[in-house]
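Visitor: Hi, could you walk me through this one? I'd like to start with charged pairs and then go on to the sheets.

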Amino acid sequence: MKIAIVGAGAVGGLLTARLGATDAEVTLVARPNAAAAIRRDGLTMVTPLTRVARLHPRVTDDSLSLGRQDVVILCVKAHALRGTVDTLAPLLGPETAIVPMINGIPWWYPHRQPEPLADRPLRSVDPDGLLWRSIDPDRVVGATTFVAVEGDGPTRFRHISDQRFVFGDAADRDRPIVERIVTLFGQAGFQPARTDDIRQAVWVKLWGNLGFNPLSVLTGATLGRLCNDPGTREVGRALMLEAKTVAERLGITFATSVDERIAMAAGVGEFKTSMLQDYEAGRRLELDAILGSVIELAERVGAEVPMMRAVLSLVDLRARERRSELAA
């Protein structure tokens, strides 16, 4: 199986390292500077057992050189997906599956869904419909990941905890490629699962991101600290309950309670969320995908989400202040 991994961040690096150890032909597609650094220095992976592995994966900054792939895994931030459109085109054959590993509500979420979704793109994550037109939702194998991994420059990352991935067809079909992907991730030593309801899995993952990633930016605290401090735990819980109301009005049934999901997040420990890492580096935050999209869905289903709106305003201002500080 030919696999292209687009994006050389922490998750992209982890998947390149682990999937590259299987029989699949795996190539990392990175920006020119990152690709040059990886060709020169390789990738260094620090595992949860503090073991260090240095690898020299296939890497390119020219997707045209790869030809058609069986699977393309997108490991970029939700707001960076628009920048992958031209990169994707040469990789796609008639049967190529696209696996976006992104946080928040994905652009493909309304695909083949009843009202109030009804194949209408979400302005918060796809304002002009470019992703909907350019990346056919029928190709998508939805994915959620619960791995905690931190980047340390373009060639080094730390896999802190967890191995879990969930995959499912975006149109709820029984596609053989989903099982092939699950098998491949199992061969790479991950803990993958297949689901017939990938949207439910998206919400379970989003719960943790929505409840605590924005709070990590406001406080500078690690995930474990946020989950265990009584005050921030209650704020996170309130955010999650608002999101639960929205999801249930869209037909989602949760098998996990809010408190169980918080306990799951607390188990990650003293880990800086990806949003906090982005904030500290002065990068754009995934606020539209993680908060803005749920607020937009709340408007479609007629739900009130005052805590979510307040936190979004606070984090957005803090992020803008941070960018101004770094630019000064």
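**Salt bridges and sheets**

Guide: Happy to. The side chains of D278 and K77 meet in a salt bridge, at 3.1 Å from N to O. A salt bridge here is a side-chain nitrogen of Lys or Arg within 4 Å of a carboxyl oxygen of Asp or Glu. This is a predicted model, in which local features need pLDDT of at least 70 and side-chain atom pairs count only at pLDDT 80 or more, while totals for chains, interfaces and linings use all residues. Residues are numbered from 1 along each chain as its sequence is written, and side-chain values use heavy atoms, with hydrogens and water left out.

Visitor: Which parts of the chain does the D278 and K77 pair link?

Guide: Distant ones: D278 is in helix α10 (residues 274-281), K77 is in the loop between β6 (69-74) and α3 (85-88), and the two are 201 residues apart. Helices (H or I, at least four residues) and strands (E, at least two) are DSSP runs, numbered from the N terminus.

Visitor: Is D278 buried or exposed?

Guide: D278 counts as buried because its relative accessible area is 3%. K77 is partly exposed, at 26%. The cut-offs are under 20% relative accessible area for buried, over 50% for exposed, and partly exposed in between, with a 1.4 Å probe and protein chains only.

Visitor: How many salt bridges does a search of the whole structure find?

Guide: The search finds 25. One of them joins E115 and R120, with the closest N and O atoms 3.1 Å apart. E115 is exposed at 58% relative accessibility, and R120 is partly exposed at 37%.

Visitor: Let's switch to D119. Where does D119 lie?

Guide: D119 sits in the loop between β7 (92-100) and α4 (130-134). It counts as partly exposed because its relative accessibility is 34%.

Visitor: And what does D119 touch?

Guide: Leaving out residues up to four places away in sequence, D119 touches P110, H111, R112, Q113 and W132. Contact means heavy atoms within 4.5 Å. With H111, the D119 side chain makes a side-chain to side-chain polar contact at 3.4 Å. A polar contact is a pair of N or O atoms within 3.5 Å; within protein, one must be able to donate a hydrogen and the other to accept it, and residues adjacent in sequence count only if both atoms are side-chain atoms.

Visitor: On to the sheets. What is the order of the five strands in the open sheet?

Guide: The order is β5-β2-β1-β6-β7, with parallel pairing. Two strands pair if DSSP finds at least two bridges between them. β5 (58-60) and β7 stand at the edges with a single partner strand each, so one side of each has no neighbour in the sheet. From one strand to the next, the twist averages 25°.

Visitor: How many bridges join β2 to β5?

Guide: Three, between parallel strands, with β2 covering residues 25-29. L28 stands opposite V59 in β5. Helix α2 (residues 32-41) packs on the sheet, touching β2 and β5, and its direction makes about 150° with that of β5. Axes are lines fitted to C-alpha atoms, for helices over the stretch in contact, and angles run from 0 to 180 degrees between N-to-C directions.

Visitor: Can we zoom in on T96? Which strand is T96 found in?

Guide: T96 is in β7, and it counts as buried because its relative accessibility is 3%. A polar atom of the T96 side chain lies 2.6 Å from the backbone oxygen of Q69, and the T96 side chain also reaches the backbone nitrogen of G93 at 2.7 Å.

Visitor: Last one: what is the strand order in the open sheet of four?

Guide: That one runs β4-β3-β10-β9, with mixed pairing. Strands β3 (residues 43-46) and β10 (residues 156-161) run parallel and are joined by three bridges. T44 has R156 as its bridge partner in β10. Helix α1 (residues 10-19) lies across β3, β4, β9 and β10, at about 85° to β10.
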